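Here are my notes on this model. Please read them with the structure open.

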Amino acid sequence: MAKLPPLPRLKKKLWKIFSEYIRRRDADENGMVKCFTCPKIMHWKESQAGHYIPQSIALSLVFHEKNVHAQCAGDNLYKRGNPTVYAIELQKRYGPGILEELQSMRQENFRYTRVDYDEMISVYKEKLNKIGWPDKSKPVYKDYVCTEKDDYPEDLE
Ligand SMILES: [Zn+2]
């Protein structure tokens, strides 16, 4: 029986796929994306998938699509997500109830299971394939495959 991948590695694998999905979702047909919280425009590969409610506060929102958007590194890292502007932009995009909606999804002692990770990995691989940019036949997520391949079967290709 094959050795099962450890949970942190599954999480890392899911994050690479999810992060690429978010950044490509937010990009235009030329692959350019505007930072969610400032006027900066960059290629999606230079952008980061930045959280509104950070992982340190709500593990249950790490992989929530409305809680994560393409941001520049300046806002995501150095301004810690630029949360004041982030809140304004969230309400513009999703309507006035979005902050309450995200807050209501915070859960104490939340844990993802192996099944959760496996399901989300399948879902986001599929979503990436459906984006259809730049070319459906060449999914870009191959660039982001975790490098430590030996401990579990690599099935991204
Ligand atoms: Zn920015």
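This is a predicted model: local features need pLDDT of at least 70, side-chain atom pairs count only at pLDDT 80 or more; totals for chains, interfaces and linings use all residues.

1. Residues are numbered from 1 along each chain as its sequence is written.

2. The protein has five helices and four strands. Helices (H or I, at least four residues) and strands (E, at least two) are DSSP runs, numbered from the N terminus. The order along the sequence is α-β-β-β-β-α-α-α-α.

3. The largest nonpolar core has 24 residues. Such a core is a set of buried Ala, Val, Leu, Ile, Met, Phe, Trp, Tyr and Cys residues joined through C-beta atoms within 7 Å. A residue is buried if 20 or more other C-beta atoms, placed from the backbone, lie within 10 Å of its own. Those with the most contacts inside this core include Leu-14, Phe-18, Ala-70 and Tyr-124. At least two core residues come from each of α1 (7-25), β4 (68-71), α3 (83-94) and α5 (114-131). α1 gives the most, with six.

4. α1 and α5 pack at about 25°, axes 9 Å apart. Axes are lines fitted to C-alpha atoms, for helices over the stretch in contact, and angles run from 0 to 180 degrees between N-to-C directions. The pair therefore counts as roughly parallel (angles under 35 degrees). The contact residues divide into twelve nonpolar, no polar and eight charged. Here Ala, Val, Leu, Ile, Met, Phe, Trp, Tyr, Cys and Pro count as nonpolar, Asp, Glu, Lys and Arg as charged, and the others, Gly among them, as polar.

How values were computed. A residue is buried if 20 or more other C-beta atoms lie within 10 Å of its own, exposed if 12 or fewer, and partly exposed in between; C-beta atoms are placed from the backbone. Angles under 35 degrees count as roughly parallel, over 145 as roughly antiparallel, 65 to 115 as roughly perpendicular and the rest as oblique.
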